[in-house]
Amino acid sequence: MTGAGKVPVVVDINVLIDAIEAEPDVASWTSPPPVRGNPAAMVLAILNEGLEFGIWFSKHIHDGTKRVLVQEFGWTDEEGDKYLSFLTAAAERTGGMVEPALQVADCPDWEDNRILELAHECGALIIVSSDAHLLAMSPWRGIPVMTPDAFVARVDAMRRNLRRFGRPDNRER
């Protein structure tokens with residue numbers, strides 16, 4: 001596994017789709033990301049930085065993202081492959097790619113269970129999703145499920161706190 005020392009994060013397909021539909025040019029996902037704009041694109045910009053967090057993928061997320069882009073949004077296979085190359089590179093650099101061994105049936109939505117399986121397999125500490133089923137399950141087995149807005153806000157607050165006080169163990173009490 002890769003991504004040593006980084007907080008493992010799983011991102012639902014709906015966030016991956018929202019990010020690329022809102023900001024089609026991944027080069028515009030600045031580093032550090034702005035604190036305003038499309039929350040899904042900001043999530044991926046934060047994860048692509050690879051500072052504190054590592055993004056994790058499975059074949060299901062890879063294939064599902066491409067399927068939605070091609071079938072629902074009219075992308076060409078080449079456009080889908082280009083985006084998936086970006087996502088795969090981010091995962092390989094910051095987190096990893098794994099295939100879940102555990103089967104989960106905790107959610108009534110089959111697709112959502114694949115997200116939960118990945119979170120379990122990689123030891124995710126956060127799931128980012130806009131899906132109502134997953135959000136209603138938060139925390140799932142101790143793993144918070146956050147909207148893109150909530151994730152971006154928490155990362156912004158954490159980074160502001162670190163700039164203000166330095167490392168948490170160096171704060172004056």
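Me: How much space lies in the second largest pocket?
Reply: About 180 Å³ of space lies there. Keep in mind that this is a predicted model.

Me: Which residues line the second largest pocket?
Reply: The lining is made up of Ile20, Pro24, Asp25, Val26, Trp75, Glu79, Lys82, Tyr83 and Phe86. Sorted by class, the lining has six nonpolar and three charged residues, with no polar ones.

Me: Which helix gives the most to that lining?
Reply: Helix H4, residues 77-94, gives the most to the lining of the second largest pocket, with four residues.

Me: How many cavities of 30 Å³ or more does the structure hold?
Reply: A cavity differs from a pocket because the probe fits inside but cannot get out. The structure holds one cavity of 30 Å³ or more, and the space in this largest cavity is about 30 Å³.

Me: What lines the largest cavity?
Reply: Leu44, Leu47, Asn48, Ile55, Phe86, Leu87 and Ala90 do. H2 and H4 are the elements that give two or more residues to this lining. By class, six of the lining residues are nonpolar, one is polar and none is charged. Phe86 is named in the lining of the second largest pocket and in that of the largest cavity.

Me: Where does helix H2 lie?
Reply: H2, residues 39-49, lies across strands E1 (7-11), E2 and E4 (126-128). Its direction makes an angle of about 105° with E2.

Me: What is the order of the strands in the sheet?
Reply: The order is E3-E2-E1-E4-E5, in an open sheet of five strands with parallel pairing. E3 (96-97) and E5 (145-146) stand at the edges with a single partner strand each, so one side of each has no neighbour in the sheet.

Me: How many bridges join E2 to E3?
Reply: Two bridges join E2, residues 53-57, to E3, and the two strands run parallel. Within this pairing, Phe57 has Met97 in E3 as its bridge partner.

Me: How many salt bridges does the count come to?
Reply: Side chains of opposite charge can pair when their charged atoms come close. The cut-off used is a Lys or Arg side-chain nitrogen within 4 Å of a carboxyl oxygen of Asp or Glu. By this rule there are nine salt bridges.

Me: Which residue forms a salt bridge with Asp81?
Reply: Lys66 does, and the closest N and O atoms of the pair are 2.6 Å apart. Asp81 belongs to helix H4 and Lys66 to helix H3 (residues 59-73), so defined as DSSP runs. The two residues are 15 residues apart, and the pair links distant parts of the chain.

Key: Residues are numbered from 1 along each chain as its sequence is written. This is a predicted model: local features need pLDDT of at least 70, side-chain atom pairs count only at pLDDT 80 or more; totals for chains, interfaces and linings use all residues. Side-chain values use heavy atoms; hydrogens and water are left out. Two strands pair if DSSP finds at least two bridges between them. Contact means heavy atoms within 4.5 Å. Axes are lines fitted to C-alpha atoms, for helices over the stretch in contact, and angles run from 0 to 180 degrees between N-to-C directions. On a 1 Å grid over the protein atoms alone, a cavity is a set of points where a 1.4 Å probe fits but cannot get out, and a pocket is an open set with protein on both sides within 12 Å along at least five of seven lines; lining residues have an atom within 4 Å of a point. Grid points are joined across faces, edges and corners, and a volume is the space filled by probe spheres set on the points. Ala, Val, Leu, Ile, Met, Phe, Trp, Tyr, Cys and Pro count as nonpolar, Asp, Glu, Lys and Arg as charged, and the others, Gly among them, as polar.
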